[in-house]
Amino acid sequence: MTFEAYEAVVDDSGYEARGRERQALSLGIDRLERLQGARFSREDLVESLLYVRRLWTIFIEDLAHPENGLPEKLRADIISIGLWVVKEADRLREERSNDVMQLIEINRLIRDAL
């Protein structure tokens with residue numbers, strides 16, 4: 001395999017990874033948007049918030065890995081956002097907040113930037 005062919009495979013797999021990340025974020029956004037409706041169960045609330053929390057925990061772990069290819073400053077900024085998302089999801093789950101819109105918006109911004 002030539003170097004150019006290898007680069008193409010790496011680029012494609014990176015593109016596919018971004019696609020999977022966008023898809024995972026979209027699912028989380030859909031789940032959060034359902035919480036804005038008047039009727040949802042406590043179980044729906046907990047499952048939706050835990051999904052978003054687990055997703056961002058995975059992102060944070062990946063970003064903290066030394067072999068992550070993103071620039072260090074960008075990784076630190078996204079980790080910071082991720083920690084806020086996790087804390088806000090916990091606040092909503094614990095009913096210390098009821099504003100799911102901020103969580104939806106930050107997830108949309110990150111998804112759309114991928």
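What pattern does the protein follow, read along the sequence? After that, please take me through helix H2 and helix H3: at what angle do they pack, and which residues in H2 meet which in H3?

Modeller: This is a predicted model. Read along the sequence, the pattern is α-α-α-α, with four helices and zero strands in the protein. The protein has 114 residues, of which 32% count as buried. Among contacts between residues at least 6 apart in sequence, 56% join residues at least 24 apart.

Now to the pair you asked about. Helix H2 covers residues 42–64 and helix H3 covers residues 72–93; their axes are 9 Å apart and the packing angle is about 160°. Angles over 145 degrees count as roughly antiparallel, and H2 and H3 are therefore roughly antiparallel to each other. Their crossing is left-handed.

On the H2 side, the residues that meet H3 are Arg-42, Leu-45, Val-46, Leu-49, Leu-50, Val-52, Arg-53, Trp-56, Thr-57, Ile-60, Leu-63 and Ala-64. On the H3 side, the residues that meet H2 are Arg-75, Ile-78, Ile-79, Ile-81, Gly-82, Leu-83, Val-85, Val-86, Ala-89, Asp-90, Leu-92 and Arg-93. Sorted by class, this contact has 17 nonpolar, two polar and five charged residues.

The partner of Trp-56 is Phe-59, and the pair is edge-to-face, with 5.2 Å centre to centre and 85° between the planes. Trp-56 and Phe-59 are three residues apart in helix H2, so about one helical turn separates them. Buried means under 20% relative accessible area. Trp-56 counts as buried because its relative accessibility is 1%, and Phe-59 counts as buried because its value is 14%.

Leaving aside neighbours within four places in sequence, Ile-104 is in contact with Ile-29, Leu-32, Glu-33 and Gln-36. Ile-104 and Asp-30 are 74 residues apart in sequence, yet their C-alpha atoms are 8.7 Å apart in space.

Key:
Residues numbered from 1 in each chain as written. Predicted model: local features only at pLDDT ≥ 70, side-chain atom pairs only at ≥ 80, totals over all residues. Heavy atoms only, no water. Axes fitted to C-alpha atoms, helices over the stretch in contact; angles between N-to-C directions. Helix = DSSP H or I, 4+ residues; strand = E, 2+ residues; numbered from the N terminus. Parallel < 35°, antiparallel > 145°, perpendicular 65-115°, else oblique. Left-handed = near helix turned anticlockwise from the far one by under 90°. Contact = heavy atoms within 4.5 Å. Nonpolar A, V, L, I, M, F, W, Y, C, P; charged D, E, K, R; others polar. Phe/Tyr/Trp six-rings, centres within 6.5 Å; stacked < 30°, edge-to-face > 60°. Buried < 20%, exposed > 50% of the residue type's maximum accessible area, 1.4 Å probe, protein only.
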